[in-house]
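Okay, thanks everyone, I'll keep this short. Let me put the structure up and we'll walk through it together.

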Amino acid sequence: MIRTRDNLLPNLMLIFSLFLYSSQVFSSSLESNSSLFAPSIKSAFEEVSEMNEMSEIKESESNVSNINSSDISNIKYQISTQSLISHLGKQDEAIVTITNTSSSELLKIEPLQLPLPLQLQNETCMGELHPSQSCIYKVNFSPDSLEQNGEIDLKIIYSYGQGDKILNLKKLKYRTIPKNVINLSQFDEVYSSLNIGTVCADKIIYANGNHNIPIFLTLNITDTNYKKVNVNYDEVYGAVQIFVRRGNTNQFITKYNEKGTYNVLNKKNKFSRCMKSPTNHSYSEHKLFFSSSNGGENIIIGGKIDYINRKGEIKSIQTSDNGYLNLHSFDKIIYPTENLFHLVQEKSTNFGFTASTRSVIKVSPKVENYPNLYHYRLKSFSLTDTTFGEHQTTGLRPLKFKKEKFNLIPIYNHGDFSINYKTGDNYEMPINYNYNYGRKFGLLDLVSLKHKPNNIDSIIIDDSYFSLASFQANDLALITQSYCYGCTHVSADVYFKLTMEGFDAFGNDFKFISDSRQNNLYL
């Protein structure tokens, strides 16, 4: 055994020597090739390190870009609304407020970039913000097309002198709504009702297409907190669609201010009045007036309003149950052509037959028989000479009251004022005919006393004085002056036919024809 170990020892020594030599060779080889291996190992390490750094940077930028908080680092923002809603021709706006919350650093703000149809107005965010200083962007939405709808990402570019950063706000939505849609997008409604009413005690109209009565709307909306929502009634009246209820269907009045079976006006006119109402001055604040040309029926009037809610849904509120307005329509009045007006010839204080014949005839409505003529409107009149059959006529012409007709001059014996006509003045539409003599009407005027100033108490034609003491506000004065050449008293008398067309207080039309022979009147 000893012999065997003695034989193995030299061999083990040899193996150990070879191992040491191999280690030195490998180490030397590794050293001599360090320029080959070292760069690859270092690059791999640095790449991993840089990737980690970039990941941290991108994560930081991502946190800024997608921030939902209104406060990040040293910058704070507030936005008044995330949704802009406007009608055509109107506008809505969002105000973005930027605040530098740093205690020492200046904040640089870049101009806000907006696509059309959004525009900046009165922005103050230009340049640098000192610590605790604020500025605003005013984003305006003023659509000119119903197709202008969409959303954008608002991006605020800012820096503290160490490179630009981006702050993304929430999306800003914008939407154009039709005129007949009211904006309730800031509310969550739970209850709503629309009622139609009138200030008229008698819910009656004349079905002549002219007479109309004021109607009003009452819109009630309650939110989720059971609080009443205050609405803009100008928008409500602009959006409402009035309809007439027929059975289970609604007949909408789609075109306002046009003649039809039913009509709605958006402002009063000369025939806007309640029954038994002497004037219509009290209706100035009303915005809707209803008329009908279909007589002898009960009319049920309702309304519908479309609105947009917080969810962006367009919904409708429609009259129901006791919210309808019930009217009754009377057939239009058919007036006779005679006996609608009294004609009375006034006497002059110094009147006598001369070559220049002057006349004033009072024309008064017979309100005792036709009470609706207490307030009437003439649209035309004509005067025809009927002395020897119908000859010359003025023809129908519009009747317009001219204030300049009242030439105010004092009457020296009592100091009052008169309507003064002088020879050669106001020669309008003369009546001429020629037989064995000549007759010419140089003055022809029909004056409404409704507009007469209180201090005028007479009419003067040249030197002839006619008192207005018996005239009422609804009376007319037919004023004429004629000239006769080679006439006698009998041949100078001129009989006439007066024709007047107009409307009574409620728009019922009439045509009045008076033959002066029946009243023994002459000019």
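This is a predicted model: local features need pLDDT of at least 70, side-chain atom pairs count only at pLDDT 80 or more; totals for chains, interfaces and linings use all residues.

Another one joins Arg310 and Asp188, with the closest N and O atoms 3.0 Å apart. Arg310 sits in the loop between strand E19 (297-308) and strand E20 (314-318), and Asp188 in the loop between strand E11 (181-183) and E12, so this pair ties together parts 122 residues apart in sequence. Arg310 is partly exposed at 49%, and Asp188 is partly exposed at 29%. Then there's Glu110 with Lys108, at 3.9 Å from N to O.

Now let's zoom out. The protein has 523 residues, and 41% of them are buried. Four helices and 33 strands make up the count of elements. Of the contacts between residues at least 6 apart in sequence, 68% join residues at least 24 apart.

Five strands form an open one, in the order E3-E10-E9-E5-E7, with mixed pairing. Its edges are strand E3 (83-87) and strand E7 (127-129), each pairing on one side only. On average, neighbouring strands here are turned by 35 degrees against each other, ignoring direction. E3 pairs with strand E10 (residues 165-177) in the parallel sense, over five bridges, and Leu84 stands opposite Tyr174 in E10.

For an antiparallel pair, go to strand E29 (residues 456-461) and strand E30 (residues 464-467), joined by four bridges. Ile461 stands opposite Ser464 in E30. The hairpin has two residues between the strands, and Asp462 takes a positive phi near 55 degrees.

Last stop, the surface. Val190, Tyr191 and Tyr226 form a nonpolar patch there, with about 390 Å² of accessible area together. Tyr191 lies in strand E12 (residues 189-197) and is partly exposed, at 47% relative accessible area. That's my tour, happy to take questions.

Definitions and conventions: Residues are numbered from 1 along each chain as its sequence is written. Side-chain values use heavy atoms; hydrogens and water are left out. Buried means under 20% relative accessible area, exposed over 50%, partly exposed in between (1.4 Å probe, protein chains only). Contact means heavy atoms within 4.5 Å. Two strands pair if DSSP finds at least two bridges between them. Axes are lines fitted to C-alpha atoms, for helices over the stretch in contact, and angles run from 0 to 180 degrees between N-to-C directions. Patches are made of residues with over 30% relative accessible area and no salt bridge: like charges are joined within 9 Å, nonpolar side chains (Val, Leu, Ile, Met, Phe, Trp, Tyr) within 5 Å. Accessible areas come from the Shrake-Rupley method with a 1.4 Å probe; for residues, only the protein chains shown count as cover. A salt bridge is a side-chain nitrogen of Lys or Arg within 4 Å of a carboxyl oxygen of Asp or Glu.
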